[in-house]
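Please read these comments alongside the structure.

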Amino acid sequence: MKAAGHRPYGRAFERTGSLETIRAEFAEGRSVRAAGRVVQIREMGKSSFAHLQDGTGKFQIYLQKNALGDESFAAFKAVDLGDFIGVEGELFTTRTGEPSIKVQRWELLAKSLHPLPEKWHGLQDTELRYRQRCLDLIANPHVRRVFDTRSRLLSYLRRELEARGYFEVETPVLQSLAGGAIAEPFQTYYNALGQSMFLRIAPELYLKRLMVGGYDKVFELGKNFRNEGLDRSHNPEFTALEIYEAYADVRGMMKLIEELISGAALELFGTCRVGREDQEPVDLTPPWRVVTYHDLLREHADRDWFERPLEAVRDWARGKELDIPDDMTHAQITHEVYDKLIERTLWQPTFVTRLPAELVPLAKRCEDDPVLVDVFELVVRGRELAPGYTELNDPLDQRARLLEQSGGDAGKLDEEFLRSLEHGMPPAGGMGIGIDRLVMILTGEESVREVMLFPQMKIRQPRPEEPPAE
RNA sequence: GGAGGCGUAGCUCAGUCGGCAGAGCAGCUGACUCUUAAUCAGUAGGUCGUGGGUUCGAGUCCCUCCGCCUCUACCA
């Protein structure tokens with residue numbers, strides 16, 4: 001093509017507007033300049049129809065031999081599906097009523113060297129869709145809509161939090177101690193300092209140090225990394241929104257998350273009922289159900305669950321085909337029952353409150369029962385979406401609880417964090433929202449890979465590429 | 001990490017009992033100046049994921065490895 005004197009990759013092309021703008025501002029006979037990827041061509045001898053596609057939509061163009069001239073019309077025959085072109089022409093309506101551009105001039109903006117996926121079935125192969133997401137986005141419009149929803153959600157959350165007086169901050173991703181959660185970190189090495197480093201598993205400890213430093217209302221929206229298995233609800237890197245507010249507690253966080261998520265659904269879809277047609281819808285209209293961990297056990301397992309002896313609850317759990325080793329404690333069996341039997345039944349948004357303290361080392365104990373902590377776990381569609389706490393600000397209790405969690409190994413404690421608490425952290429409420437899972441709920445997707453543009457894939461030995469034919 | 005399923009043309013998929021490797025779309029050639037999954041005629045396209053085995057003969061049966069999906073474990 002280059003040899004024939006053509007330029008396969010063009011420069012900037014001034015457009016009247018996006019294809020959607022042109023459709024919205026349609027006027028018979030108006031001159032417009034438009035550009036996009038050619039996704040359909042229908043040749044009819046001395047005239048051709050084609051559809052252009054850009055980030056906003058599709059628009060039909062019409063080319064006639066006697067309007068373009070022999071040379072330009074003949075050159076269009078070399079345009080393949082997938083090429084980008086720019087056109088100039090007049091808007092008109094076809095006999096079948098479709099708004100179109102009658103092209104007077106066109107130019108090639110970028111040549112595509114590979115064929116597009118099939119027009120009718122699109123790209124179905126899941127592996128190809130994730131590995132070559134660009135093709136997935138071109139061929140499957142509903143995929144693009146999921147990521148538009150994700151982008152609008154992030155934008156809404158930032159706007160809303162800013163409007164409510166929360167301050168966005170960024171804290172280290174590279175940490176010398178990965179704290180703030182119980183999870184296996186990714187490890188790396190920093191040459192200049194000669195020390196090993198971790199990718200963060202949560203920003204929590206840094207955000208609390210900011211509370212000590214006087215930030216009353218902060219949030220961070222960013223990636224966390226966990227060196228664990230991957231399945232349809234886990235990706236090694238994922239996005240979390242953490243929010244902290246001084247002088248508040250877990251109840252303030254419950255109100256805030258209800259308003260943020262139901263507000264997002266209304267903003268994005270105009271309704272609080274979300275999900276796909278083939279699923280039971282999730283109704284995000286507040287107020288959401290609030291139920292204590294203990295009441296759930298009494299409701300689903302046994303009214304006297306917490307009074308029953310260890311043998312009785314063990315037999316009950318084994319009767320439900322749970323794998324219960326002999327050395328499991330009452331509390332561990334209880335959590336196994338919650339995890340395996342109860343949580344997955346909570347389809348509509350539910351705050352599970354007053355959890356056992358050993359499950360949540362960074363939360364404050366309940367005033368009326370120090371065995372429990374003043375927290376919620378928001379469960380939607382049978383899966384945990386967001387935890388929220390009344391934050392622990394007692395440095396002595398915090399040190400004791402972290403020590404207990406680390407199995408008594410004082411070397412694993414984050415002394416800088418503990419020291420900052422000793423300077424006094426105001427009482428506070430805090431929470432973390434799993435953004436990927438929130439997008440799954442809002443879009444009805446069942447796999448986290450469907451809401452991440454580039455999910456983690458195992459490396460594949462690349463086949464030797466043939467040089468593209470010219 | 002463990003168990004199961006899947007892998008055939010660029011894409012979407014057939015392929016029966018082990019007996020010549022198939023279709024539609026995309027591609028290429030030709031016809032057609034309002035089509036829209038355009039239509040019509042013709043044509044080309046394959047390391048059947050990889051490596052081995054059984055067999056006169058393997059896309060098909062057996063084993064190995066690779067990748068993806070689902071469940072499970074760890075976890076949010």
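The points below cover confidence, the RNA surface, the cores and some individual residues.

1. Basis of the model. This is a predicted model, in which local features need pLDDT of at least 70, side-chain atom pairs count only at pLDDT 80 or more, and totals for chains, interfaces and linings use all residues. Residues are numbered from 1 along each chain as its sequence is written, chains are lettered from A and ligands numbered from 1 in the order in which they are written, and side-chain values use heavy atoms, with hydrogens and water left out.

2. Confidence. pLDDT is the predictor's confidence in each residue, from 0 to 100. Chain A has a mean pLDDT of 92, and 97% of its residues reach 70 or more. Helix α10 (residues 310–319) has the lowest confidence in chain A, at a mean of 90. Strand β6 (residues 167–168) has the highest, at 98. Helices (H or I, at least four residues) and strands (E, at least two) are DSSP runs, numbered from the N terminus. The stretch to treat separately is residues 462–470, where the pLDDT is below 50. Beyond near neighbours in sequence, this stretch has four contacts in the model; contact means heavy atoms within 4.5 Å. For the complex, the predictor gives an ipTM of 0.91 and a pTM of 0.93.

3. The surface around the RNA. There are 51 residues around RNA strand B, counted as near if one of their heavy atoms lies within 4 Å of the strand. Thr-96, Lys-119, Glu-127, Arg-232 and His-234 come nearest. By class, this surface has 14 nonpolar, 16 polar and 21 charged residues. Here Ala, Val, Leu, Ile, Met, Phe, Trp, Tyr, Cys and Pro count as nonpolar, Asp, Glu, Lys and Arg as charged, and the others, Gly among them, as polar. Of the RNA atoms within 4 Å of the protein, 58% belong to sugar or phosphate, and the rest to bases.

4. Atom pairs at the RNA. Which part of RNA strand B lies 2.9 Å from a side-chain N or O atom of Arg-449? A phosphate oxygen does. At Gly-122, a backbone N or O atom lies 3.1 Å from a sugar or linking oxygen. The elements giving two or more residues to this surface are β1 (31–43), β2 (47–54), β3 (57–64) and α4 (126–131). Of these, α4 gives the most, with five residues.

5. Two nonpolar cores. A nonpolar core is a set of buried Ala, Val, Leu, Ile, Met, Phe, Trp, Tyr and Cys residues joined through side-chain atoms within 4.5 Å. The largest has 42 residues, and Leu-241, Ile-243, Ile-257, Leu-284, Phe-376 and Leu-378 touch the most other members. Elements that give two or more residues to it include α6 (141–163), β11 (237–246) and β17 (369–380). Helix α8 gives the most, with ten residues. Leaving aside neighbours within four places in sequence, Leu-241 is in contact with residues including Leu-157, Leu-161, Phe-219 and Met-431. A second, separate core of 40 residues includes Leu-205, Trp-305, Leu-322 and Leu-418.

6. Glu-450. Is this residue buried or exposed? Glu-450 is buried, with a relative accessible area of 15%. Buried means under 20%, exposed over 50%, and partly exposed in between (1.4 Å probe, protein chains only). Glu-450 is found in the segment after α14. Its side chain makes a polar contact with the side chain of Arg-129 (2.8 Å) and another with that of Tyr-130 (2.8 Å). A polar contact is a pair of N or O atoms within 3.5 Å; within protein, one must be able to donate a hydrogen and the other to accept it, and residues adjacent in sequence count only if both atoms are side-chain atoms.

7. Ser-420. This residue sits in helix α13 (residues 415–422). Ser-420 counts as buried because its relative accessibility is 11%. A polar atom of the Ser-420 side chain lies 2.6 Å from the backbone oxygen of Phe-417. Not counting residues up to four places away in sequence, Ser-420 touches Arg-209 and Val-212.

8. Helix α11 (residues 330–342). Its buried residues are Ile-333, Thr-334, Glu-336, Val-337, Tyr-338 and Ile-342. They pack against α9 (293–300), α10, β15 (350–356) and β17.
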